Amino acid sequence: MATQIIMDLNGDTRHKFDVKDAKALLEAERRFKALTGAGFTAATRSASGDPVVTRAFDPTADETVFFPRLVGG
Amino acid sequence: MFATLLHIVNGHLGRLLGTCLHLARSFREWYLRPNLREQRGLNLLREWLSQEQLAQYDAHRYFEVTGCHTGKRYRIRHGNGANIIELDDAAMPRTGWCFVPRDPLVAGDVMLAQKIALETDERGALAVANNFTPR
């Protein structure tokens, strides 16, 4: 199962989906596009554990974290 | 007659007790929610920190990252803002930086977003950041 983790007021909201399920995969891709289109940054981890920002939906990613656009504080 | 009255009262008391229990549970969830949110954010952060960063965070409530463009070191202290310190070659504070996710998030989420930004898009992160003199 792959997971999309969206940071929000509750800490985060997690969406798990089976990459073998075409409908779930489509929904995950739709969610990815909606979030990144709204300014969220999507990040996965490399094999060594380093974060990698991803601009396109990667169906092979085990875990993708989304955080809102950054602004000066 | 008395048995009927007792039965009715018993029913009312049961419903009252049920309502009280429901209210108590709701109050407990409301009371604990901020802690659960904070904990969820910290759990996610801990999953994403390297072993070295995690050890630093557990020991000092901060961890250090390397900027992907300049190789500079930054210390991210536990917090929701004004919590990033750029270090000089002697690991002394040089400049404070403040950038945060646009939406209000718990500290763990904020620190994770800052770590990812500095490690993958240092210039982009600093371009939106405000700086300050660290104490």
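## A tour of chains A and B

Chain B has a mean pLDDT (the predictor's confidence in each residue, from 0 to 100) of 91, and 94% of its residues reach 70 or more. This is a predicted model, in which local features need pLDDT of at least 70 and side-chain atom pairs count only at pLDDT 80 or more, while totals for chains, interfaces and linings use all residues. Residues are numbered from 1 along each chain as its sequence is written, and chains are lettered from A and ligands numbered from 1 in the order in which they are written. For the complex, the predictor gives an ipTM of 0.96 and a pTM of 0.84.

Select the contact between the chains. It takes 19 residues from chain A and 28 residues from chain B, with two residues in contact if their C-beta atoms, placed from the backbone, lie within 7 Å. On chain A, S1 (2-8), S2 (11-17), S4 (51-53) and S6 (70-72) each supply at least two residues of the side that touches chain B; strands are DSSP runs of E, at least two residues, and helices runs of H or I, at least four, numbered from the N terminus.

Now select S6(A) and S4(B), residues 93-101. Three bridges join these antiparallel strands; strands pair if DSSP finds at least two bridges between them. Among the partners, A:Leu70 is bridged to B:Pro101.

Finally, select H3(B), residues 107-120. Twelve of its 14 residues are buried (20 or more other C-beta atoms within 10 Å of their own, C-beta atoms being placed from the backbone), so H3(B) is largely enclosed by the rest of the structure. The buried residues include B:Asp109, B:Lys115 and B:Glu119.
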